[in-house]
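Hello,

Here is the structure I promised to pass on to you. Have a look at it first, and then read on for my notes.

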Amino acid sequence: MNIDEIIGKLTLEEKASLCSGHDFWHSEAIERLGISSVMMCDGPHGLRKQVGEGDHLGINVSIETVCYPTASALASSFDRSVLERLGHALGKECQAENVAMLLGPGLNMKRSPLCGRNFEYFSEDPYLAGELGAAYISSLQSEGVSACVKHFAANNQETCRMSGSSNMDERTLHETYLPAFEAAVKKGKVRSVMCAYNAVNGTFCSENKQLLTDVLREQWGYDGLVVTDWGAVKDRVKGLEAGLDLEMPGGGGVQDAAIVKAVRDGELDVAVLDKAVRNLLNFLSDWEEQKQDGVSVDRSELSTLSGKLAEECAVLLQNDGILPLNKNSKVVFIGEYAAKPRYQGSGSSHINVSHPVGACETAPEIPYARGFDAHSDIPDEVMLEEAVELAQKAEVVVLFVGQSDAYESEGADRMTMELPTNQNALVEAVASVQPNTVVVLHGGAAVLLPWADKVRAVLQMHLGGERTGEAAVRLLFGKANPSGKLAETWPLRLEDNPSYLNFPGFNGEVEYREGIYIGYRYYDKKKLAVKYPFGHGLSYTEFTYSDLALEKDSITEGEAVTVTCKVRNSGNAAGAEVVQLYIGEANPGVARPVKELKGFEKLFLASGEEKTVSFSLDSRSFAYYEPRIHDWFVESGKYVIEVGSSSRDIRLSGEISMTGSREIPIYYTRTSTIGDLLKSAKGRAFMEQMMQKLHGSEEAKKAETDNLNNMGEGSERMAQTMMAEMPLGAIVTFGRMTDEQLDGLIAMLNS
Ligand code: GLC
């Protein structure tokens, strides 16, 4: 495809028509120039391809495909290879169905546990989300299919998602809500980006030049396609000017006329339109080159993969040793999800699954009682009695519970973290007659477990895809060893969550007043107790950490540093450990989290086996986003390196000193303080000179000491603080300098 030639031949109307879809799922074709239409479909954890009437909420039927664990499960694997295996599988399914773009991954941060689409998002931590999102993208795209990272940016709730504005300061946006997308671009080389419905600081993402051009293309070097979320366009011409290329699903040409008119009226430079057309033609030519005919997939093989991934994503939240179960014990299953597992969420990601496999089907010999109706919250006395009766006869009860589809979905945020009343009643009733009770959870987000201390183990299967029931049984009976870790903190109460006071906002204005302190960054800073910490997950074996080694104990910005340690499987079952590395600045000059995840590796170890794990840290691992320079900044100082089994189960720690290569430029004015003088080399030199003069004579020192004593006990610290906080202008007010001298000083400092 000679793109320059084609652009030269396209009429203005044809160019405009290319910038919006032909229909719900296809791009526009221009037959006379050999430009064919291509298909885009949802993801992100399965191929949702609608062949009839299209819709973006999973209402109309789609073809039967494989449903994999959703993002919240995948992230809990803490394993890039899980996302790679998924990406390859999805890429093959897309090739087999002639789909050029898969709409995923979703990399929005989990600001509140109540976000209805948290099941489709990875984490509260931008590094984890970025690393795993990049792995998914690069493997999917290696199959010739474009990923489409979404929803750019700050789409962290469903309430007012199409009309609201996510409002936050510059540092919060760049340090918390953008890095995962940055990793998708820089590390994953993603070839399309989906802009979100919402606005950021009052400008809709579909026409937000700062996001779509300044950040995405100029700062990050992105040269792919920008497509809207379905129906996200507010003003098509403003969108083109901001860097939006393709409007989906395409307004049937209505917006095309607006584009033509704007060019004709001289309001829109045709060069801007050509840029969007070029990005689309690049995307189409990539597909022309990479689409493979005759690809077929073995869905049963992919379904088996889905079950394997579900095993590796499951998180053992608590276990007093009752798990793994002995297959000779008299075990019973209670709870509707044992027969009909909840394995995916509702909305655009909803996959048409031919045969989801539940625990009862996997182990039909195990007696079962329904216990509750998943479509109701009201306890059913008959079901409860039946369940209690079965529980009394058993040696071990495994309960399968979790919020229902009605609680968490696209388009509507959760109203609560509580499980339905009938399910909490069931757990209480069973646990009251059966001390050997185990709970298997299904759900895409943190929930409250008021009965956790009345049961002996809790296994979180998340929304684990179509084989989640089978995976649960294999884990329960020790055929597989749980190795997942929580990718989001489970708070003791919803009210403890940092976004609580400002979620979901008012009149569409959502103030991100918690700033960078989301998830564990908040709970750790506040030293708040939590139910289960970020990175938490148990195993059927134990792991011993030793020999932390830092390649250097001091580095300068720009140098990489390798950190290694040894991990041994000191238990008697094979298992996998996610070794996590956190970094925290010892004495930060700005507000910073106590620690931040900057490395993770999953080690598979046989009993007794020991491996060395290695992390390579670069300057970004130590940096924070500094709004005064509109960039990431490495502050000189000491940093604590922690390695552990969760954010609150640190096994080894060390210290490294960092010398930054930049200073934050300060522009002095009369309201700058004397303390500010210490923040620049020139200011420090001036201060030393000043101090020399002031303290030169003995009597001056004595007079000052006497003076201090007259100011009360705490005077030393008070005097120092008052001095540091003194505006430069006060030096004139207190007669220490003339106006001209101060102007000269400020001019010198700013020269
Ligand atoms: C939906 C979702 C988006 C999805 C798109 C197409 O509204 O926000 O994630 O990919 O529309 O269905």
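This is a predicted model: local features need pLDDT of at least 70, side-chain atom pairs count only at pLDDT 80 or more; totals for chains, interfaces and linings use all residues.

**The sheets**

Let me start with an open sheet of six strands. Its order is β10-β15-β14-β13-β11-β12, and the pairing is mixed. At the edges stand β10 (315–319) and β12 (368–369); each has a single partner strand, so one side of each is left without a neighbour in the sheet. Inside the sheet, β11 (residues 331–334) and β13 (residues 396–401) are joined by four bridges and pair in the parallel sense.

Another open sheet has three strands in the order β17-β19-β22, and here the pairing is antiparallel. Its edge strands are β17 (543–550) and β22 (610–617), each of which pairs on one side only. Direction ignored, neighbouring strands of this sheet are turned by 20° against each other on average. Between β17 and β19 (residues 561–569) there are six bridges, and the two strands run antiparallel. If you want a point to orient yourself, A549 stands opposite T564 in β19.

Strand β6 (residues 192–195) also deserves a look. What lies on its two faces? Both are covered: S192 and M194 on one side, and V193 and C195 on the other, are all buried. Strand β6 pairs with β4 in the parallel sense over two bridges, and V193 is the bridge partner of V149. Strand β6 also runs parallel to β9, to which it is joined by four bridges. In that pairing C195 has T228 of β9 as its bridge partner.

**The cores**

Next, the nonpolar cores. The largest has 112 residues, and those with the most contacts inside it are L10, I35, Y68, F152, V190, W230 and L281. Helix α11 (residues 270–290) gives the most to this core, with eight residues. As for I35, its contacts beyond four places in sequence are I6, L10, L18, E28, A29, I30, L281 and L284. There is also a second, separate core of 66 residues, with L317, A338, L390 and A391 among its members. As a general background, nonpolar side chains in soluble globular proteins tend to be buried together.

**The aromatic rings**

How many aromatic pairs does the structure hold? There are 17. W25 and W230 form one that is tilted, with 5.6 Å centre to centre and 35° between the planes. This pair links distant parts of the chain: W25 is in the loop between α2 (12–18) and β1 (40–42), and W230 is in the loop between β9 (225–228) and α9 (236–242), 205 residues apart. W25 counts as buried because its relative accessibility is 3%, and W230 counts as buried because its value is 4%; the cut-off for buried is under 20%.

F152 and F181 form an edge-to-face pair, at 5.1 Å centre to centre and with 65° between the planes. Here, too, distant parts of the chain are linked: F152 sits in strand β4 (residues 149–152) and F181 in helix α7 (residues 179–186), 29 residues apart. Both F152 and F181 are buried.

Elsewhere, F78, Y127, Y520, F534, Y582 and F600 form one aromatic cluster. Two arginines are placed over rings as well. The charged end of R111 sits over the ring of Y512, 4.0 Å from its centre, while R620 lies over the face of W632, 3.7 Å from the ring centre.

**One more residue**

Finally, a word on F686, which lies in helix α20 (residues 681–695). Is F686 buried or exposed? With a relative accessibility of 11%, F686 counts as buried. Leaving out residues up to four places away in sequence, F686 touches L677, M737 and L745. From A96, F686 is 590 residues away in sequence and 71 Å away in space, C-alpha to C-alpha.

Enjoy looking through it, and write back whenever you like.

Best wishes

Notes: Residues are numbered from 1 along each chain as its sequence is written. Side-chain values use heavy atoms; hydrogens and water are left out. Rings of Phe, Tyr and Trp (its six-membered ring) pair if their centres lie within 6.5 Å; planes under 30 degrees apart count as stacked, over 60 as edge-to-face and the rest as tilted. Buried means under 20% relative accessible area, exposed over 50%, partly exposed in between (1.4 Å probe, protein chains only). A charge sits over a ring if NZ of Lys or CZ of Arg is within 6 Å of the ring centre and within 35 degrees of the ring normal. Two strands pair if DSSP finds at least two bridges between them. Axes are lines fitted to C-alpha atoms, for helices over the stretch in contact, and angles run from 0 to 180 degrees between N-to-C directions. A nonpolar core is a set of buried Ala, Val, Leu, Ile, Met, Phe, Trp, Tyr and Cys residues joined through side-chain atoms within 4.5 Å. Contact means heavy atoms within 4.5 Å.
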